[in-house]
Amino acid sequence: MPFFNWAGTASMAYWQTVGLLLLSNVFMTFAWYGHLKDLAARPWWIAALVSWSIALFEYLLQVPANRIGYAGGVSLAQLKITQEVLTLAVFVPFSMFFMGQPFKTDYVWAGLCLLGAVYFIFRSA
C-alpha cells in the first residue's frame with residue numbers, strides 16, 4: 001500500500017513515523033552533542049555513559065518509527081532522507097538555543113540541499 005493516497009496526502013503510518021523520528025532526533029542530538037556543554041569537565045567515559053543512556057530512548061523511538069514507516073509503504077531511501085531532514089530541523093534550534101551557537105546561512109543552504117534530496121526521493125511515490 002503506498003503511503004500517499006490519490007489526493008497526495010500522507011498516510012497515518014507516515015505521520016506516525018515522522019513524529020517518532022522527530023522525537024528520536026531530539027534524544028539523539030542531546031546524546032551526541034549535549035555532553036559537549038554539560039559534561040565538558042568530566043572524563044570522556046562518563047559522557048559516554050550518559051550519552052548511551054540518552055541514546056536508549058532514541059532507539060526506543062527510532063526502531064518502531066522505521067518499522068511503522070516501512071510497513072506502511074515508505075521505502076528505505078525515503079526513511080533515510082526523512083531522518084536527515086528531521087536531523088537538521090532539530091539540530092539547528094539545538095545548536096542555537098542550547099549550545100549558544102550563532103545562526104549561519106550555511107544552515108539555509110544545507111536545508112535547500114535536503115529539500116532537493118526530498119524531491120528526488122519522493123517524486124515517484
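Analyst: A helix here is a DSSP run of H or I, at least four residues long, numbered from the N terminus. This is a predicted model, where local features need pLDDT of at least 70 and side-chain atom pairs 80 or more, while totals for chains, interfaces and linings use all residues. Residues are numbered from 1 along each chain, and side-chain values use heavy atoms, without hydrogens or water.

User: Which helices each supply at least two residues of the largest pocket's lining?

Analyst: A pocket is an open set of points on a 1 Å grid where a 1.4 Å probe fits, with protein on both sides within 12 Å along at least five of seven lines; lining residues have an atom within 4 Å of a point. Here, α1 (12-38), α2 (44-71) and α3 (76-98) do that. The largest share, six residues, comes from α3. Leu-21, Glu-58 and Lys-80 are among the lining residues. The pocket holds about 170 Å³, counted as space filled by probe spheres set on the points.

User: How do the axes of α3 and α4 cross?

Analyst: Axes are lines fitted to C-alpha atoms over the stretch in contact, with angles from 0 to 180 degrees between N-to-C directions. The axes of α3 and α4 (residues 105-122) come within 9 Å and cross at roughly 160°. That makes the pair roughly antiparallel (over 145 degrees).

User: And which residues meet there?

Analyst: With contact meaning heavy atoms within 4.5 Å, the α3 side includes Ile-81, Leu-88 and Phe-91, and the α4 side includes Tyr-107, Leu-114 and Phe-122.

Definitions and conventions:
Parallel < 35°, antiparallel > 145°, perpendicular 65-115°, else oblique.
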